[in-house]
Amino acid sequence: MRDIIKRQKKYTVRYLWYAVLLFLLTGYIIMPFFHTLAQAFRTGEGYSFAAFHSYLSNPNQLRVISNTVWMGVCSAVTCGIIGIALAMYMTFLSGRGKKIIHILLLSPMMIPGVITVISFIQLYGESGIFTKGIEYLLHLKSAPYEFQGFGAIIFVITYTQYVYFYLNVYVALKYVDYSTIEAARSLGASRFQVFKDVIWPVITPAVLTSLIVTFASGISAYSAPNLIGGGFKVLSTQIVRSKANNHMDVASVQVIILFIISLTVMLLIQYYSRRYQVNPTDRTTEIRPVKGKHGVFVFLCRMVILFQILLIVLPILAIIYLSFMETRSIMTNIFPHDFTLENYLTIFQKPRVLKPLLNSLRMSMMAVAAGLLITVPSSYLIVRYKGRFHGALRLLLMLPWIMPASVVAINLINSFNKASVFAFGQSLIGGFYIVPIAYTITALPLLLSSNEVALIGLNRNLEDASRSLGADMKHTFLRVIIPNIAPGIMAGGVLVLIRTIGEYTMSALLYGVYNRPISISMITNMQEFKIGISLAYGVITIMICYLALALIFVLDKKRFL
Amino acid sequence: MSDIIIKDVSHAYETEKVLADINLTIHSGEFFTLLGPSGCGKTTLLRVLAGLIRPSEGRIFAGDTDITELEPEKRNMGLVFQNYALFPNMTVKENIAYGLKIRKYPKHEIEEKCSYYMELSGLSDLRGRKITELSGGQQQRVAIARALVIEPQMLLLDEPMSNLDVALRVKMREEIRTIQRKVGITTLFITHDQQEALSISDRIAVMKNGNVLQTGAPKEIYDNPNQEFVANFVGASNRIEKAVYGKFGIAEKEDVPYVFMRPEQMKLCRDAADGVRVKIENMKFLGVYFEYEVSDGEYEYSVIEINRGGGHTGWTIGDTAYLTCKIPEKERKRSQEEGA
């Protein structure tokens, strides 16, 4: 009898948890999306396609849509070429200094996009060091190029997003059984045939996943087109503009179009990736880098990689150097040289200037904590029990993955600009919590999948062993499961921290006086010509990200190195 | 400790039946082995006993108590997994102490019990080690000590030897048997290795496709297999059809359609009076013995001759010989003495 009561208690806890989860997911993901739909289709009397019709019949707007798609396609392609080539080089050719090069190649992922764009501007912009340097060296009267428009956007996106391709393909290549390569070679396959028949099938899933991610970040990119886009208009910049002009109906229409583009491409790629499932063999012989070959090809590869690393490192060095310069010197000298600590002192001495940094740290950490609270038990239930209900739960949690940042933000605005049941009768817009809530929503898919990976890697028997030794479910979960998946969980958490701390798109749409984040302060300081402070903010954020990165490497060596 | 009784237990995964009406009694203090090929349901049966799977039908009793509905943590079964399932976040000592800590034993008692079982399993020097720093054999000892320290009513061993190399396997099975005798614990052991089963068990149940085909002491099962699968899975055997009983001099005592004869119970002779005329189709030298495949044109038989030194027995492929089951009394006696 007592056992029956206990078992009922166990189920009660679980069902209570499902209820809370469904409340949150409905209130903060599903309902907001329906509010956006309603907003877009509502007309004076009832609902219709009128808003879409008038939007799509404007050639300028059609141009915006095609620009957006084109930006997604181009960034996926350029990221793919560079990322795959780098992963191949690192796996098959790299010898000395491999670890350091690997970390350098990963580093763009660790720097918020908005900071990268700013540092690129400081280097290659009209008055950038690099541009001025070339002008000076070649005695030109004006800049030899214009760092603006479509080309500049793609350049920036490529050098911030290729990392997805690089990392995914690099990890996938570890599952290529070297003996299969040797087998193919001994059967007479050429290098190209080996790539096509042995390597490509194994990395295809990784390539497709990366395609989705880079396309998605391409179409939803905001900081690059906003800061260096020139006349190149895309949906994400137009959404922010519509919102700023208080045209929420237009913003909603734009959001739905952006969502449809994103969804279509993802479904297409998902469809293909299902056809390319490869189960790697258990026992693989590790790939050994080719040694002792110093042909022209290898030399050229080395040169290309050197150039790549230069492209990655230069902006970081530039922003660090310039953050120690007086703003006047940055603005007037070709090579700024007036050293000062003023920029940093201002940040740490004036509470008002320090505030955005603290805000961002606090909001990111809240997102990590909330995200983990939601996803750790969920991933456990999903992996452990499977079934249709858990499949649906997983789908809901992964939903934000197909929602570009501006979609999430506009949905939240449409839902919480008035008192809501889901916020216990409050309106959240303009308050502090709306930004961390948005960060949490976008963090869910990443956290869920990194937890799942950790859980799937966990020996199922550990749980059975613990229970047969007398531990109940709760004890087993806390003492055996959590400690053993902790590295994976923490790595996911740190990644979220890095990705949210300099977040710009959602922040721009949602911030208010109480929660001005660092990304917004960087941009406003720059626009107010306090360039030094803006750059110092950037450097401090980069430092935080790198500390977090070091933490991931310590926690989860196997996965990243 | 009490007997463990498995009564009418059946289990199905979705529509696939993996256990069909199992009835077994495992006596207190007994070393009981489930022997069968992979996929025969033996691991499922073990998991049913451990409470990790609730059977679709049937009951499990410990003595008079029905334990079918009991959660695994309430059953007090010591479980040793094929891959040991040691907690990688804990040391050797912490792994072993885990079950005791959950049972809220006082510190000094935990210390005492852990020390005793670590000593018993030869782990005393390794107490502070991380699991990843242990060899396969050491990991297995930790897994066994962890299962024994909670003083379970039964020890469940799920193919614990399958990850060890051959030499270590033989050594560990002796060790397991010694520890089991010392502790006197009822043990259920699972294996697909007939040698292992024969050498270690008090009793064996041979399983196939979710059914128990035969239960008995090792010698009983080896000498009197009740059906062809048992005869061939536990050792090799020749099936002799009723039609040829006469030729082999087997009395038609019972109304059985065929009898099984072990290869070592048959002999090749040169004298036509001694048996059935056969041709030697193939031969293998395996160190301890020679193995011949012979044929009388209709049936094929396998025969083993012990290598008693002096190399070859004189048969070559293609020779004609006479196959018999009547091993001369003198030789049979000698073999028995050697065997004992």
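1. Cys74(A) is buried, with a relative accessible area of 14%, where buried stands for under 20% relative accessible area, exposed for over 50% and partly exposed for what lies in between (1.4 Å probe, protein chains only). The closest cysteine sulfur to that of Cys74(A) belongs to Cys79(A) and is 11 Å away, which is too far for a bond.

2. This is a predicted model, in which local features need pLDDT of at least 70 and side-chain atom pairs count only at pLDDT 80 or more, whereas totals for chains, interfaces and linings use all residues. Residues are numbered from 1 along each chain as its sequence is written, chains are lettered from A and ligands numbered from 1 in the order in which they are written, and side-chain values use heavy atoms, with hydrogens and water left out.

3. Cys545(A) also counts as buried, at 1% relative accessibility, and for its sulfur the closest cysteine sulfur is again in Cys79(A), at 19 Å, too far for a bond. Over all chains the structure holds zero disulfides, a disulfide being a pair of cysteine sulfur atoms within 2.5 Å.

4. Ile101(A) lies in helix 4 of chain A, residues 98-106; helices (H or I, at least four residues) and strands (E, at least two) are DSSP runs numbered from the N terminus. Ile101(A) is buried at a relative accessible area of 17%, and, leaving aside residues up to four places away in sequence, it touches Met90(A), Arg96(A) and Ile309(A), contact meaning heavy atoms within 4.5 Å.

5. Turning to the interface, 25 residues of chain B are in contact with 24 residues of chain A. The two chains bury about 2100 Å² between them, 52% of it on carbon and sulfur atoms, where buried area is the accessible area (1.4 Å probe) that two parts lose on being put together, summed over both.

6. Three salt bridges are found by the rule across the interface of chain B and chain A, each requiring a side-chain nitrogen of Lys or Arg within 4 Å of a carboxyl oxygen of Asp or Glu. A salt bridge joins the side chains of Arg47(B) and Asp464(A), at 2.7 Å from N to O.

7. On the side of chain B that touches chain A, the elements giving two or more residues are strand 6 (77-80) and helix 2 (92-102) of chain B, and helix 2 of chain B gives the most, with three residues.
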